Amino acid sequence: MKFDKTDEWAETLKALAHPTRLQIVAELLKGTKCVTDIQDILPASQSNISQHLTVLRHASLVDFAQDGSQRCYYVSRPFLVKGVVALLTEGEAVLRKSKQDIDREKQHSGTSRGVSCGQ
């Protein structure tokens with residue numbers, strides 16, 4: 001993991017961490033849409049959608065092209081957005097480990113140093 005990038009990654013994830021923004025990027029993955037198109041699809045006002053698009057744009061997740069007086073938005077990092085959305089929709093089961101599982105794992109990886117994990 002590149003620790004010098006974690007702040008940038010956190011900002012990207014924060015930009016996606018809102019239900020309306022997730023809905024917007026999911027719609028934009030289907031194709032370029034103008035703000036009015038998005039407004040017709042989502043239960044949000046034009047100004048609210050524009051605010052969310054600004055957050056997504058500042059995170060370099062979406063961008064726009066001017067079409068007359070309208071801005072038409074598209075996903076500018078489709079691989080990243082598709083990957084995040086795919087992971088979220090996968091429905092992975094929550095993993096549970098017992099103390100014995102953790103102890104075996106620590107022994108196997110050679111990281112056991114006699115220090116117990118805190119709660």
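Two strands count as paired if DSSP finds at least two bridges between them. Helices (H or I, at least four residues) and strands (E, at least two) are DSSP runs, numbered from the N terminus. By these criteria, E1 and E3 pair in the antiparallel sense over 2 bridges. This is a predicted model, in which local features need pLDDT of at least 70 and side-chain atom pairs count only at pLDDT 80 or more, while totals for chains, interfaces and linings use all residues. Residues are numbered from 1 along each chain as its sequence is written, and side-chain values use heavy atoms, with hydrogens and water left out.

**The sheet**

- An open sheet is formed by 3 strands in the order E1-E3-E2, with antiparallel pairing.
- E1 and E2 are the edge strands, each pairing on one side only.
- Strand E2 (residues 62–67) runs antiparallel to E3 and is joined to E3 by 6 bridges.
- Asp63 stands opposite Tyr74 in E3.
- E2 and E3 form a hairpin with 2 residues between them, and Gly68 in the turn has a positive phi of about 65°.
- In general, strands of a sheet pair through backbone hydrogen bonds, either parallel or antiparallel.

**The disulfide**

- A search of the whole structure finds 1 disulfide, a term that denotes a pair of cysteine sulfur atoms within 2.5 Å.
- The disulfide is formed by Cys34 and Cys72, whose sulfur atoms are 1.9 Å apart.
- This pair links distant parts of the chain, since Cys34 is in strand E1 (residues 33–34) and Cys72 is in strand E3 (residues 70–75), 38 residues apart.
- Cys34 counts as buried because its relative accessibility is 7%; buried means under 20% relative accessible area, exposed over 50%, and partly exposed in between (1.4 Å probe, protein chains only).
- Cys72, with a relative accessible area of 10%, is also buried.

**Helix H4**

- Leu56 lies in helix H4 (residues 46–58) and is buried, with a relative accessible area of 0%.
- Not counting residues up to four places away in sequence, Leu56 touches Ala15, Leu16, Arg21, Ile24, Val25, Leu61 and Val62; contact means heavy atoms within 4.5 Å.
- Leu56 and Lys14 are 42 residues apart along the chain, and their C-alpha atoms are separated by 9.6 Å.
- His52 is also found in helix H4, and His52 is buried because its relative accessible area is 8%.
- With residues up to four places away in sequence left out, His52 touches His18, Thr20, Arg21 and Ile24.

**A nonpolar surface patch**

- Met1, Phe3 and Trp9 make a nonpolar surface patch of about 430 Å².
- Patches are made of residues with over 30% relative accessible area and no salt bridge; like charges are joined within 9 Å, and nonpolar side chains (Val, Leu, Ile, Met, Phe, Trp, Tyr) within 5 Å.
- Phe3 lies in the segment before helix H1 (6–16), and Phe3 counts as exposed because its relative accessibility is 65%.

Terms used
Accessible areas come from the Shrake-Rupley method with a 1.4 Å probe; for residues, only the protein chains shown count as cover. A salt bridge is a side-chain nitrogen of Lys or Arg within 4 Å of a carboxyl oxygen of Asp or Glu.
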